[in-house]
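User: I am new to reading structures. Could you walk me through some of the terms with this one?

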Amino acid sequence: MANPTTPETNTDLQSGFTSALGSLRKYTLIALIAWTLLITGAFTWTMHDQGNREFATALGVARAYFLKDQAVRQWGATQGGVYVKVSDHTQPNPHLEELPNRDVTTDAGQDLTLMNPAYMIRQINERFSRMHNDYIHITSLDPLHDENEPDEWERAVLKTFKRESDEVAEIVAFRNQPSLRMMRPMVTKQRCLKCHERHGYEVGDIRGGVSIAIPMAPYRKDSAEQLLLIGTTHGGIWLCGMLGIGFYTRRAHRHLEDRQQAIHSLARAGNYNRSVISALGEGLLGFDGKGRLTFLNPAAEQLLGWKEHELQGKSVHGFIHYLKMDGSPCQEDECPMLGVLQSGESHASRDDQFMNRERSPLPVSYIATPLFDQRRVVGGVVAFQDITEQKQSLQRIEYLAHHDSLTGLPNRVAFLEAVDNALAHARRYEHGLALLFLDLDNFGVINDSAGHTTGDELLTQVAKRLRNEVRQPDIVARQGGDEFLILMFPDGKEDDSEDPAGHLALKATTLARRVLDTMHAPFLVDGKNYYIKTSIGISLFPEDARDRVEMLKNADAAMYTAKGDGRDTYALFAGDLAERIQHRHMLETGLNQALIKEEFHLLYQPIVDLSDGRILAVEALLRLNSATLGNVSPKELIPVAEECGLILPIGRWVLQTACRQMAKWHEKGLNLRIAVNLSTLQLQRDDLESTVLQALEDAQIPASALALEITEGATLHASPDVIDMLKRLHNLGIGLSLDDFGTGYSSLSRLKNLPVDTLKIDKSFVDGVATKRDDEQIVITTIELAKNLNKRALAEGIESREQWQCLVRNGCHRGQGYFFSRPVNATAIEDLVREGGHWNRSSIT
């Protein structure tokens, strides 16, 4: 790259200057020729138009003569003629000799003769022609008088007339001078027949014409004077244009000289070592005092995609720096890079953008420095760097700092910032907020059994479904693990409500229901369906909490309430939730101690034949009587044990204890079957089969003495491997019952493939079987379904005679409940069986 002050550069500059001058001369000549042709064309058109005006004016005069002739003729015809004195010039008309009153004598002795209109008009026209040098002639192809004989032009025109409206007008030589000759036909009217009927004319016949000749000399004289004035005007306009073109050419020539001088001045000011500039890794560009680019170093060419010669002399602002960071146009007088020309001071920017050759933004940091020539700013130099990678790295760091890397949702940090901002806005504008705390139920079971890869994919799909359920500007985030958070803003309608807090709570619970519903659909991962439910806690601002910490804590507490209510539901925070959460923690600790201290025990509830009350089997039910917790309800005990994972060792203990008790009964001759409940977590364990078989072997009882009860909801998570395992256990003779049937979401096709032999009708339906038509129909349908699938129906929770009778009437043969017996210890079961194997026989009979 040559130095700006080298002879090569000077030669290039001079060549460019010479080329610019040549172009200026060429375009000046083109402008002169074009201007001259334009004026000439305008003058030519004006001359043509003036000729048309001459003809039109003369034609207008001729038509006026004709109309005057017709008016006088009509008047004369209407009057019937005019009496005039007889003289040498006015003799009686021989054509009127048949008229009785052609000649009259006045009382004074004056002789008068009748002059017809045609004769009168002829004399008027002859006198008018002598006065004005015009020619008006009445003529006909069959003239009555020699003076009406047509000339050659008139004869030719008369032959062309067909209608009264015909008219012929043209400029021809007449009486040795150019004249406009016009002729129009004379048509016979009713009033004309008085004189012309005897000549054979009828109404409508063309009997001749009126010929008018107007000399053109006077009109052409006027036109020549007009053309002289117009020509003078056009000449003046042409001369002014030529002077203007000359003035502009002179200014352009002076501008080129000034530009050339400025370029040379800038080149002298740029006396530096271009080899050093070319070796710099930074981009460098220079511009003159008018913001036109003077050089680019190789690094700048590579970054911008332009070659130096392509941009030299062009506006730096117009090609490189014309957009602001937000994409809006940057005016040249607002350009901070060119601002150094006015300020004379350097300007630096750490984050800006240049536009490359493809019109794509290039993130840069730059410093613009002015160049001086004897204290006068003559240009500037800009050193810049590409900061694309730095910005991408910062954006990635910023994204990772505020987003969950697995799901792409905002993380806890971003969510807490959003909550703080939302609380500030809510306090300022006095509106509420809702925070939803979501925890996936039994996600750990799937994550442990199916693997972390499957678990990660499930979390990603859960996040996608949550995104689809929330609206703008609500925010969904991942708290961590299997916990998610939703911040819900009011919809603006609460202002119209009498209870804004109630309206917000309603919207929050509606959103919670939508989330629960969307989670019911299976999640497909690697060709397998997985079912995940969630428990949701809801906290409201300002009703439940005054700050972010309280909102999160209360929503978390409400979430645990939802889990305690059976999961797959939501709960709003209540004031006593803190105490309940504390009690839950105490219960979790107490369960660990109870397992160690062997404080658990089993009770047994008889399963009877509904027809005669005979005891067929018993269901083993877990109870806890703790020294620290006291008697704990199974409804409270089981969910906590499942959630903290203690259900696995507790379930194993229940299975082993029940089998040992069955062995004792068998030794005493009691032929019963014992039913043991399995939790969802146990069902997902790979060692369940070995655990069951080991319990049977340890107790030395047959497989047919054991029945396993699984809930309908647990089967939704059952993989094909689990189903196969259950089939193997069933083939050994172990009974399988589907507990709480009708409360889950299993399909008939899935039910058909489950190796169960008993459907247990849930207590919620049995409660209303004798009083509610809907519940009775559900029970009847379940009984029929069991029969059709070759399975047994067993009703649980029977508490009244009416319920028992209704079930028997509808074909249900097995049942259990307080009507027959509450859960009792093993000794009580033995007594019942020894008494004949019946319970409450008197009630049945």
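Predicted model: local features only at pLDDT ≥ 70, side-chain atom pairs only at ≥ 80, totals over all residues.

User: Why are H19 and H21 called roughly parallel?

Analyst: Let's start with the names: helices are DSSP runs of H or I with at least four residues, strands are runs of E with at least two, and both are numbered from the N terminus. The axes of H19 (residues 647–667) and H21 (residues 688–699) cross at roughly 30° and come within 9 Å. Angles under 35 degrees count as roughly parallel, over 145 as roughly antiparallel, 65 to 115 as roughly perpendicular and the rest as oblique. H19 and H21 are therefore roughly parallel to each other.

User: Which residues make the contact between H19 and H21?

Analyst: Contact means heavy atoms within 4.5 Å. On the H19 side, the residues include Leu-655 and Cys-659, and on the H21 side they include Val-692 and Ala-695.

User: What makes Val-382 count as buried?

Analyst: Buried means under 20% relative accessible area, exposed over 50%, and partly exposed in between, using a 1.4 Å probe and protein chains only. Val-382 has 0% relative accessibility, so Val-382 counts as buried. You will find Val-382 in strand S12 (residues 376–386). Among its contacts, leaving aside neighbours within four places in sequence, are Phe-287, Met-337 and Tyr-366. Gly-283 is another of these contacts, and the C-alpha atoms of Val-382 and Gly-283 are 7.9 Å apart although 99 residues separate them in sequence.

User: Is Thr-28 buried or exposed?

Analyst: Thr-28 has a relative accessible area of 13%, so Thr-28 is buried. Thr-28 belongs to helix H1 (residues 7–79) and touches Ile-245 and Thr-249, not counting residues up to four places away in sequence.

User: What is in the largest nonpolar core?

Analyst: A nonpolar core is a set of buried Ala, Val, Leu, Ile, Met, Phe, Trp, Tyr and Cys residues joined through side-chain atoms within 4.5 Å. The largest one has 82 residues, and Trp-665 and Val-692 are among those touching the most other members. H19 gives this core its largest share, 10 residues. Apart from this core lies another of 32 residues, including Ile-446 and Tyr-530.

Conventions. Residues numbered from 1 in each chain as written. Heavy atoms only, no water. Axes fitted to C-alpha atoms, helices over the stretch in contact; angles between N-to-C directions.
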